[in-house]
Amino acid sequence: MPEPMLAVEDHKLSRETKAVPNLLPCRLHHTGSAAPVSEYWTPIQADDSTSIAYFRGRKLRGRTLPLPDDYQGVVVERKSQEQANKQSHPQEHDQQGAGGVETDTLQVTTRFDKVLVWSHEASTDPATDPYVRGMDEWLQVAGKIHSFTEPDKAAVSPDGGGLGAV
C-alpha cells in the first residue's frame, strides 16, 4: 500500500494564536499527557538577552532565533482523512467511496515567527549548534530552490537553442 498523500489544512483559529517553539537538547520517552507544563517549565529572561531554565535539575540557556521576514512557521498535527472528514463534513463521510487516493491532513494548530533554541549550561553557539546551523543552512537552500534568475545571455547560443560553445 503506498504512503498517503498529505494536505495542509489551515483554519482561521490557527491564524489568531502565536507560539514560541522550544528546541531542547534532550530526548523524552513519554507518550502521555504533558499538562500542566507551567509548573515545571518556567524560563526567565537573563541580562544578556538569553533565557535560563532548569529541566530535571540541569541548567539550560536559550537563545531566540527569529525567522526571516518572508518566512512563517507553523505547528501542525497529523490527522487521518477519516478524522478530518468527520470534523469538517460529517454528512459526506459515509458517501465517499473506497476507490479514491488516501490522503492524510496536516492541521495547522498555531503559528510562530521565532524559535527558542536551548543548550546545556552555556549559551547556544550559532557556529556549532546543529539546530541553529541546520535552520540557517535550510533557509539558504530554500532560498536557492525558490529563487528565479534570468539565464545568462552569454551561455545561450545565438539561435536560442541551448548552450553555446564554451
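Contact here means heavy atoms within 4.5 Å. Before you click, note that this is a predicted model, where local features need pLDDT of at least 70, side-chain atom pairs count only at pLDDT 80 or more, and totals for chains, interfaces and linings use all residues. Residues are numbered from 1 along each chain as its sequence is written, and side-chain values use heavy atoms, with hydrogens and water left out.

**Stop one: Thr 50.** Select Thr 50, in the loop between β3 and β4 (strands, E, of at least two residues, and helices, H or I, of at least four, are DSSP runs numbered from the N terminus). Setting aside neighbours within four places in sequence, Thr 50 touches Ile 44, Gln 45, Arg 61, Gly 62 and Ser 123. Thr 50 is buried, at 5% relative accessible area; buried means under 20%, exposed over 50%, and partly exposed in between, with a 1.4 Å probe and protein chains only.

**Stop two: the rings.** Rings of Phe, Tyr and Trp (its six-membered ring) pair if their centres lie within 6.5 Å; planes under 30 degrees apart are stacked, over 60 edge-to-face, and the rest tilted. How many aromatic pairs does this rule give? The count is three. Show Trp 41 and Phe 55: their planes meet at 75° with centres 6.3 Å apart, so this pair is edge-to-face. Trp 41 sits in the loop between β2 (22-23) and β3 (44-45), while Phe 55 is in strand β4 (residues 51-55), 14 residues apart. Is Trp 41 buried or exposed? Trp 41 is buried, at 18%, whereas Phe 55 is partly exposed, at 23%.

Next, jump to Tyr 71 and Trp 138, an edge-to-face pair 6.2 Å centre to centre with 65° between the planes. Tyr 71 is in the loop between β5 (58-66) and β6 (73-80) and Trp 138 in helix α3 (residues 130-145), so the pair ties together parts 67 residues apart in sequence. Trp 138 is exposed, at 53%.
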